[in-house]
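Colleague: Please take a close look at a single part of this model, the place where the chains touch.

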Protein chains: 4
Amino acid sequence: MRCEAVAFVFLFAPVAALAQWNVPPESARCPSKWGAGDERGSGNHMKNPQNVLRGARLIKAGEVIELSHVLGPGMAIQSTRVYNMHPKRTSPVPGRNNRGSNEEIMTGEFGQIGTQFDGFAHQSYGDFHYNCFKTSEIATRNGFTKLGVQNAPAFFTRGVLIDVSGSKGVEMLGDSYEITVADLEQALARQGGMKIQPGDAVIIHTGWGKLWGVGTAAAEWLAKQDPMLVGSDNAPVEVSPNPDKDLNLPGHQIFLVVNGLHILENLKLDELVAKKAYEFAFTMQPLKLYGATGSTVAPAAIR
Amino acid sequence: MRCEAVAFVFLFAPVAALAQWNVPPESARCPSKWGAGDERGSGNHMKNPQNVLRGARLIKAGEVIELSHVLGPGMAIQSTRVYNMHPKRTSPVPGRNNRGSNEEIMTGEFGQIGTQFDGFAHQSYGDFHYNCFKTSEIATRNGFTKLGVQNAPAFFTRGVLIDVSGSKGVEMLGDSYEITVADLEQALARQGGMKIQPGDAVIIHTGWGKLWGVGTAAAEWLAKQDPMLVGSDNAPVEVSPNPDKDLNLPGHQIFLVVNGLHILENLKLDELVAKKAYEFAFTMQPLKLYGATGSTVAPAAIR
Amino acid sequence: MRCEAVAFVFLFAPVAALAQWNVPPESARCPSKWGAGDERGSGNHMKNPQNVLRGARLIKAGEVIELSHVLGPGMAIQSTRVYNMHPKRTSPVPGRNNRGSNEEIMTGEFGQIGTQFDGFAHQSYGDFHYNCFKTSEIATRNGFTKLGVQNAPAFFTRGVLIDVSGSKGVEMLGDSYEITVADLEQALARQGGMKIQPGDAVIIHTGWGKLWGVGTAAAEWLAKQDPMLVGSDNAPVEVSPNPDKDLNLPGHQIFLVVNGLHILENLKLDELVAKKAYEFAFTMQPLKLYGATGSTVAPAAIR
Amino acid sequence: MRCEAVAFVFLFAPVAALAQWNVPPESARCPSKWGAGDERGSGNHMKNPQNVLRGARLIKAGEVIELSHVLGPGMAIQSTRVYNMHPKRTSPVPGRNNRGSNEEIMTGEFGQIGTQFDGFAHQSYGDFHYNCFKTSEIATRNGFTKLGVQNAPAFFTRGVLIDVSGSKGVEMLGDSYEITVADLEQALARQGGMKIQPGDAVIIHTGWGKLWGVGTAAAEWLAKQDPMLVGSDNAPVEVSPNPDKDLNLPGHQIFLVVNGLHILENLKLDELVAKKAYEFAFTMQPLKLYGATGSTVAPAAIR
């Protein structure tokens, strides 16, 4: 499908426009490779036991490296989203054991704050989501009747860190940068000639948070590797604003809408990078929030 | 410490009262075995790589069994807690890629709804939490300054299912039942003579949800096995109301306050039990909610 | 403008379709009679001191009759809306005066729950709100930049109760009923030949809650009287579902979108009706919620 | 009761300590002057029709002056409280009338944010609220079973503005100031020798927001005037921090706990003061929030 799109541009547009990305036509998007009606996209890789075993085999030292930020004072938050926690004492409770009890009411966009996992209800191309489910048909006042994040599996697979920042040396570059396919390949080569395998959790270290991110070509290249998910240490994973001024977060569409590929944002990667832990078992279980667009998560790398 | 309590009861009470449980004195509770000032309790077991490796070695088939309930319509909820999800469309977004976007604001006690993990700020004996941190000193309007659930590690260890329900045959018993030490030992024996090892995640299948649960003696026996956590398919893990009418959820204090042992409630165990998966790698990462009393979680068993 | 619409129907439709209502064209809706750019609609009546004085003159006995329902256990709520209250103790506070303090976090659609006042951001005809403000231009993730309910004035004017239920005798009618212009006129006649004056707060007693309500003709007749607002003891004020199966709450458009006339829902009218208090000073002050679509209110009648 | 307290201090304390305030003993607080079990306190004044009529007689020009701040961007907020508004589109709605609909979910301490009215559940002396209702007996996880703000009446009475700021000339004083009885009397004298009458709504203009406020003596003097409520343009009404370092907001106890006198905070008084509107009909209806400690309000002055 992407070949067709490129061909089209080639015939009718000047050379400079070759890089211009457009949403592929419906015939190229639907049904998805996982079949008509599928709601799990890249999560289907979890049905392959070899992915689990490939992850488990990487656990040799018994070390766990946590990959999520703390939700609380000082946390980064996007757009108009909020995270509020209001502690409540629910005691005293009668009884000679004098039990004290506390809980807290929280408000927030728990699919889209903190270290966050994106499901397929999150993004669309007009009315069309992944596998051509229509917003107008699946969105209700109580959540999405299809594509809700409760469909996402518990993830356990091989994780691969691509340290683009380390590969390029962040101190040498301008503070805004669109990561290219060559950047990804160069970083993998520098990490001992690593290869991405289908079903991997691919984690990209940009190093400069929101100022860097993958471009559309790198996003399409990543999707072609057929991974389980693509994560990053910044919020949109992709470069933003996009260099093409008439595109708004096209990577979200390339990943979620066109390819049914989950993304994972705002990872905390400092420890993983410092330890040069390029390969590991990746474990993460999104909350089963019925009909929701995503889930705040706390993934971990194990090796 | 518990010996003292028993001795006291022995002198002044009839035999039947020997089982009467009281909160051990401060000298018997603090400092905890993990040291004065420790905030992680049984989570410290994760610092032992052998626990991680023991879990990883159990992954042979590449099968993942999910252990959490969906949060949404029809979910069970305790007390006055709530779970509300309010979807919001945040599109249309300008740009020729016509990106649609959705998110949702949620409100709820996200530490204490759904399949839920309890931290040490959740419960106290009067003003005293685990390791004698005082509510009056650590509770603020923004959350707990000590013992917040962000201290809990990412869990990955051997999981052990104790199928009490299967062991006893639920159809033969009354509908309220206090699980005893003998019940636990009998179930383990029936499962091939399994042993709980320090650092294990112990998961108890009661089968009848809220009507069953461990008694104080079984709770103390479990704590003595030094596990990583104790989970169950009901909300309080322990029997409730307690047969001793003057005690209110003493198991919460035995686990969280006295022994610094995490608990895990409302597990979905049907698949695990049906498959007789008594031993597995247990994986779970509580959300890093600063200063909170617990976290909604989505743990999984891998084998 | 409505004449044109009627004429159109007259020419091309059979007699039975004369009652068929359609949204008037833009030229008939905009600018509103209050001028282009106006955001206050019928609230502009409050700029006329005579309306205030006409209300004040009705205060003779010094009696206040409250017109709002309690928000709490057992309250009626529409759609998927929620009202949750979570009390918090914020004490103890240091000091010899041993001050205890409590507050509560609340969640809810506070413009659209309980006894509720509707502003002009609440409803539209496609993309068009009152005075042709466009949703696509004024709706943001933080609220509406135009037509927010903070524009609504504090109301104090003559209130008129139209007791349709009392006029017709509810026990004689079927349980679904579309209130007609004749019903309104008959009820006013029965109340001593009362007249609605421009700037009045018109309160309709249906008696049977959600099962009754004004039809489109009665809604247009009411709008023609040029009142300050139209209120009722049910949620949509208008009959719902509409007898014309292809219309969904057209009264909301007649009042809010076409005529810029505020509506007031879920009034508690039992005391007012029992006392036959047909005329009174009406007082209500919507909360000044910036950019919101409405406000929960607690209006009162004074006489 | 206050005489006793003063006498006690007179006998046993040096002159400088005469001003030292302490919470009066239970015998001096309970039952309240409105009778044992009363939950309405100063709201009982609304049962006297003369209060309503005295207010109505002040309406001569038909002018309404609004007294509340907008809740939204830039609003002042106390402590850890929040105000969040999340707009939701609930359309498109089926039907040829193409109805668009919007609402918003809000979260906040709606009794204690914005221009706010305090009920008697808000404050206590230890376990004791107004009329010696005990927190431990009336506070539940769903709200207060007694003293909830739904007990407060719709207010309509004579309002009196005391312009302390105007009387003293704010530019001549330091930026922290405890308002004295003499200040209040001087301001009233300057306003034509006005007198506070029982049942009045007394509104104090401090002019400098949070930096000024009434001291304990002025608070007790105000309570002695037997008004319907005491309001101010700052959040605590009273001076804060209190000059007596061992007292924390004692005025809240003098008003709410000891005297059962409602208070009203964060009033917007600029227009009232600029127009020298010292006397007016005061109208306000707290939301009927069952079991809550207060209500966000939008009072108005009419004259």
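How many residues does the contact take from chain A and from chain B?

Modeller: This is a predicted model, where local features need pLDDT of at least 70, side-chain atom pairs count only at pLDDT 80 or more, and totals for chains, interfaces and linings use all residues. Residues are numbered from 1 along each chain as its sequence is written, chains are lettered from A and ligands numbered from 1 in the order in which they are written, and side-chain values use heavy atoms, with hydrogens and water left out.

Chain A gives 94 residues to the contact and chain B gives 94 residues, where contact means heavy atoms within 4.5 Å. About 6,900 Å² is buried between the two chains, with 54% of that from carbon and sulfur atoms; buried area is the accessible area (1.4 Å probe) that two parts lose on being put together, summed over both. In chain A, the residues that lose the most area to chain B are R96(A), N97(A) and K288(A), together 11% of what that side buries.

Between chain A and chain B there are 10 salt bridges, each a side-chain nitrogen of Lys or Arg within 4 Å of a carboxyl oxygen of Asp or Glu. One of them joins the side chains of R96(B) and D246(A), at 3.8 Å from N to O.

Strand β3 of chain A (residues 99–108) supplies 10 residues, the largest share of the side of chain A that touches chain B. Strands here are DSSP runs of E, at least two residues, numbered from the N terminus. β3(A) pairs with strand β5 of chain B (residues 123–125) in the antiparallel sense over three bridges; pairing requires that DSSP finds at least two bridges between two strands. Within this pairing, G100(A) stands opposite S124(B) in β5(B).

Technical notes
Helices (H or I, at least four residues) and strands (E, at least two) are DSSP runs, numbered from the N terminus.
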